[in-house]
Amino acid sequence: MYEIQLDACPECDLLIHAGQPEVGEKAHCPRCGCLLHRPTQNSIERTLALSLTGLILLFPANLLPLVGIKLLGKDQDGTLWSGVSALFAENMWALAVLVFLSSMLFPAINIVLSLLISGHLYFRRFHPALPNWLRWLQHLGEWAMLEVYTLGIIVACVKLSSMAELHFGLGLCAFIALLLITGMLASNLDNPLFWRQIAQLNHEQNQ
Amino acid sequence: MSKINNSAIRQGLIRCHDCGTLSQARQRRFCPLCGCRLHGRIPHSQQKTLALLIGSLALYVPANLFPIMTITKFGVGEPHTIIGGIIALANSDMVPIAALVLIASILVPLLKMLGLALLLLYVHLQWQGHARRWTRIYRVILFVGRWSMLDIFMISILVSLVDLGGVAQVIAGSAATAFAAVVVFTMFAAKSFDPRLLWDNQDYE
Ligand SMILES: [Zn+2]
Ligand SMILES: [Zn+2]
């Protein structure tokens with residue numbers, strides 16, 4: 001079929017005769033310069049391994065204290081959740097929900113979805129929700145803001161450094177590891193490859 | 001070479017927004033692979049972006065006028081606006097951090113709203129040329145928006161850490177909610193803008 005070789009640029013809608021770039025190469029749209037495809041080595045296996053690691057890191061990163069302060073002789077530890085609950089206690093529930101979603105729920109969903117998708121593709125199992133999972137993953141990506149949260153921690157620590165004694169918790173190490181894992185997940189996940197594999201599984205299922 | 005436009009939609013093809021599959025526009029209304037509704041362009045893209053842009057512009061005023069947080073020390077409250085917080089940082093010799101907050105919470109939202117307004121004008125007035133540059137501006141706007149959440153996260157951390165009742169306490173102010181709404185609105189505005197509109201009115205390739 002002729003149409004299979006055609007592709008359209010997502011940002012300028014130019015019709016392109018899609019060639020398959022090699023691993024390490026990048027395919028750009030000739031008209032608008034948009035990055036079309038950047039294949040990565042063993043994308044499915046790596047995504048599976050990274051999301052498993054991320055799943056384990058989710059627990060210490062969410063449960064252990066990130067930073068603690070000693071203010072007027074009183075110790076206070078801060079976890080991801082305590083930031084949310086403190087806002088809630090001050091009746092800023094809209095902010096509390098937003099912080100909860102972008103720093104806890106969406107990063108966790110991201111990792112669980114990556115695990116589900118790459119697991120199914122790795123073991124070549126079909127699941128009817130597979131396309132939906134990948135769609136959600138694509139849409140949720142920008143609402144998981146671990147890296148922005150890290151900057152928030154840095155600025156908060158700088159602000160507090162003059163008035164209180166700071167100490168960093170074990171949770172912060174887990175949090176930074178989780179941040180690195182999510183970053184690697186995002187750069188490793190080969191979207192066109194994943195969609196191709198899902199289409200193939202879909203096809204096999206229907207036969 | 002004028003009036004040649006090789007866009008998929010002119011050839012009767014629609015690229016699925018989510019999975020990238022090309023389908024014949026006349027034959028299908030739903031994507032054969034992922035099952036989502038097919039649209040040639042994001043429906044009502046300009047109206048949605050404009051509405052969200054006006055909303056975020058309106059909220060940007062209270063976000064900067066009202067205190068974003070109040071620091072209480074021994075019962076005496078000290079309200080901080082966004083700009084006040086930056087000046088306080090700069091005064092305590094934290095200039096790089098102050099610059100970081102200045103970029104994330106003042107420059108990024110302002111430039112983002114300006115950029116979105118210009119993108120809407122470009123499409124609406126059917127300006128010609130430089131479509132590649134405008135697509136690049138769109139890409140930057142899409143990428144940079146989430147970094148404005150920096151202030152919100154910082155406040156949530158301060159609120160949870162500094163909590164000694166009347167002795168020392170940080171209380172989030174009403175501007176924080178307004179500012180968070182600005183960030184969320186501009187992120188949705190950038191998402192509902194369809195960059196392919198920039199190319200649809202171009203007369204030449
Ligand atoms: Zn393009
Ligand atoms: Zn689709």
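This is a predicted model: local features need pLDDT of at least 70, side-chain atom pairs count only at pLDDT 80 or more; totals for chains, interfaces and linings use all residues.
B:Leu22 counts as buried, because its relative accessibility is 16% and the cut-off for buried is under 20%. The residue sits in strand S2 of chain B.

## Layout of chain B

Chain B is divided into two domains. Domain 1 covers 1–40, and domain 2 covers 43–204. Taken over C-alpha atoms, the centres of these domains are 34 Å apart.

## The zinc site in chain B

Which residues hold the zinc ion (ligand 2)? The protein donors are B:Cys16, B:Cys19, B:Cys31 and B:Cys34, each through its SG atom. They lie 2.1 to 2.4 Å from the ion. The spacing of these donor residues in sequence is C-x2-C-x11-C-x2-C. B:Cys19 lies in the loop between strand S1 (13–15) and strand S2 (22–24) of chain B, while B:Cys34 lies in the loop between S2 and helix H1 (45–65), so the pair ties together parts that are 15 residues apart in sequence. B:Cys19 and B:Cys34 are both buried.

What is the arrangement of the 4 donor atoms around the zinc ion (ligand 2)? It is tetrahedral, because the donor atoms subtend angles of 101 to 117 degrees. For four tetrahedral donors the ideal angle is 109.5 degrees.

## The zinc site in chain A

The zinc ion (ligand 1) is coordinated by residues of chain A: A:Cys9, A:Cys12, A:Cys29 and A:Cys32. Each of them gives its SG atom. The site is tetrahedral, with angles of 103 to 114 degrees among the 4 donor atoms. A:Cys9 and A:Cys12 are both buried.

The table sets out the two sites.

| Zinc ion | Donor distances | Donor angles | Spacing in sequence |
|---|---|---|---|
| Ligand 1 | 2.2 to 2.4 Å | 103 to 114 degrees | C-x2-C-x16-C-x2-C |
| Ligand 2 | 2.1 to 2.4 Å | 101 to 117 degrees | C-x2-C-x11-C-x2-C |

## Helix pairs

Two packed helices are described by the angle between their axes and the distance between the axes. One pair spans the two chains: helix H5 (residues 146–160) of chain A and helix H5 (residues 150–161) of chain B. Their axes come within 8 Å. They cross at roughly 50 degrees. H5(A) and H5(B) are therefore oblique to each other. The crossing of H5(A) and H5(B) is right-handed.

Another pair lies in chain B. The axes of H2(B) and H3(B) come within 8 Å and cross at roughly 165 degrees. That angle makes H2(B) roughly antiparallel to H3(B). This crossing is left-handed.

B:Leu89 belongs to helix H2 (residues 82–91) of chain B. Is B:Leu89 buried or exposed? B:Leu89 counts as buried, because its relative accessibility is 3%. The C-alpha atom of B:Leu89 is 9.1 Å from that of B:Ala99, 10 residues apart along the chain.

## Buried residues in chain A helices

A:Leu50 lies in helix H1 (residues 43–63) of chain A. The residue is buried, with a relative accessible area of 10%. A:Leu50 and A:Ile181 are 131 residues apart in sequence. In space, their C-alpha atoms are 6.3 Å apart.

Which residues of H2(A) are buried? They are A:Leu80, A:Ser82, A:Gly83, A:Val84, A:Ala86 and A:Leu87. In an α-helix there are 3.6 residues a turn, so residues three or four places apart point the same way.

Just after H2(A) comes A:Asn91. A:Asn91 has a positive phi of about 65 degrees, although it is not a glycine. The residue lies in the loop between helix H2 (80–89) and helix H3 (93–122) of chain A. A:Asn91 is exposed, because its relative accessible area is 64% and the cut-off for exposed is over 50%.

Chain B has a residue of this kind in B:His130. Its phi is near 55 degrees, a positive value in a residue other than glycine. B:His130 is placed in the loop between helix H3 (95–124) and helix H4 (131–144) of chain B.

Methods:
Residues are numbered from 1 along each chain as its sequence is written. Chains are lettered from A and ligands numbered from 1 in the order in which they are written. Side-chain values use heavy atoms; hydrogens and water are left out. Donors are N, O and S atoms within 2.8 Å of the metal (3.2 Å for Na, K and Ca); water is not among the atoms, so sites may look incomplete. Four donors count as tetrahedral if all angles lie between 85 and 135 degrees; four count as square planar and six as octahedral if opposite donors are over 155 degrees apart and all others between 65 and 115; anything else is irregular. Buried means under 20% relative accessible area, exposed over 50%, partly exposed in between (1.4 Å probe, protein chains only). Domain bounds come from an automatic or database domain assignment. Axes are lines fitted to C-alpha atoms, for helices over the stretch in contact, and angles run from 0 to 180 degrees between N-to-C directions. Helices (H or I, at least four residues) and strands (E, at least two) are DSSP runs, numbered from the N terminus. Angles under 35 degrees count as roughly parallel, over 145 as roughly antiparallel, 65 to 115 as roughly perpendicular and the rest as oblique. A crossing is left-handed if the near helix is turned anticlockwise from the far one by less than a right angle, and right-handed if clockwise.
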